[in-house]
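Please keep the viewer open as you read.

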Amino acid sequence: MGAPSTAPGALEQVRTFLNTWRIPNDTRQVQDQLPELVADHRAWAADLPDVPPPTDLGELLDLRTALRAALGETHPSGLDDWLVRHPVVARVGDAEPPVVHRPVCPDTTGELLALVVDAIQQRRWARLKACPDCQWVFYDHSRNASRTWCGMYAESAHGRACGSIAKVRAYRARKAQGNTA
């Protein structure tokens with residue numbers, strides 16, 4: 001069985017948000033679930049319970065694109081403009097981690113950015129990655145942060161074995177060139 005894809009703590013909500021854009025295994029056609037999620041506040045609350053319901057779909061679409069572009073980066077400087085428009089402040093508390101970030105204006109974008117800043121500060125953001133094949137966002141739990149694909153095995157009916165598929169594809173290409181190694 002492959003490694004789990006869920007992110008630790010509140011970062012899982014960011015991963016859920018990012019996975020509103022996906023390429024389903026059966027159709028291989030891009031599917032954007034964000035407009036439906038924004039329109040249905042109950043579904044939003046079920047999927048993202050700690051993030052207030054959104055009011056601006058366009059801004060969320062742009063934020064999702066910016067966050068996806070910053071996946072896997074240790075220092076995602078591409079988010080600077082977002083943090084200027086939606087600043088977050090550090091709060092010290094008794095819980096773990098002792099410092100958390102809160103948006104100055106607690107709207108949807110600000111809350112999501114605060115979760116991202118927390119993940120960057122905790123050195124977890126760089127472990128959030130997108131599969132190069134299906135673009136599914138997963139959290140890399142591997143010891144050396146070297147996981148590439150969403151999974152090596154289809155762990156569920158909706159799972160895709162992108163790692164296995166890529167390895168078989170590479171093997172067949174080598175075999176077609178006469179190299180069986």
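Cysteine 105 counts as exposed because its relative accessibility is 51%, whereas cysteine 134 is buried, with a relative accessible area of 4%. Here buried means under 20% relative accessible area, exposed over 50%, and partly exposed in between (1.4 Å probe, protein chains only). The structure holds zero disulfides, a disulfide being a pair of cysteine sulfur atoms within 2.5 Å.

A word on the source: this is a predicted model, in which local features need pLDDT of at least 70 and side-chain atom pairs count only at pLDDT 80 or more, while totals for chains, interfaces and linings use all residues. Residues are numbered from 1 along each chain as its sequence is written, and side-chain values use heavy atoms, with hydrogens and water left out.

**Overall layout**

The protein has seven helices and six strands, and their order along the sequence is α-β-β-α-α-α-α-β-β-α-β-β-α. These elements are DSSP runs numbered from the N terminus: helices are H or I with at least four residues, strands are E with at least two. Of the 181 residues in the protein, 34% are buried. The protein exposes about 10,300 Å², and carbon and sulfur atoms supply 53% of that area (Shrake-Rupley method, 1.4 Å probe). Looking at contacts between residues at least 6 apart in sequence, 48% join residues at least 24 apart; contact means heavy atoms within 4.5 Å.

What describes two packed helices? They are described by the angle between their axes and the distance between the axes. The axes used here are lines fitted to C-alpha atoms, for helices over the stretch in contact, and angles run from 0 to 180 degrees between N-to-C directions.

| Helix pair | Axes come within | Crossing angle |
|---|---|---|
| H4 (residues 57-69) and H6 (residues 108-121) | 10 Å | roughly 15° |
| H1 (residues 11-18) and H6 | 9 Å | roughly 120° |

H4 and H6 are therefore roughly parallel to each other, while H1 and H6 are oblique. Angles under 35 degrees count as roughly parallel, over 145 as roughly antiparallel, 65 to 115 as roughly perpendicular and the rest as oblique. H4 passes H6 in a right-handed crossing, and H1 passes H6 in a left-handed one. A crossing is left-handed if the near helix is turned anticlockwise from the far one by less than a right angle, and right-handed if clockwise.

On the H4 side, Glu59, Leu60, Leu63 and Leu67 meet Thr108, Thr109, Leu112, Leu113 and Val116 of H6. From H1, the residues Leu11, Gln13, Val14 and Phe17 meet Leu112, Leu115, Val116 and Ala119 of H6. H1 is mostly covered, with seven of its eight residues buried; among them are Leu11, Val14 and Phe17.

Threonine 6 sits in the segment before H1 and is partly exposed, with a relative accessible area of 42%. Which residues does threonine 6 contact, leaving aside its neighbours within four places in sequence? They are Glu12, Arg15, Tyr139 and His141. Threonine 6 and valine 137 are 131 residues apart in sequence and 9.1 Å apart in space, C-alpha to C-alpha.

Aspartate 40 lies in the loop between helix H2 (34-39) and helix H3 (41-47). Its relative accessibility is 34%, so aspartate 40 counts as partly exposed. Between aspartate 40 and proline 53 there is a separation of 13 residues in sequence and 9.0 Å in space, C-alpha to C-alpha.
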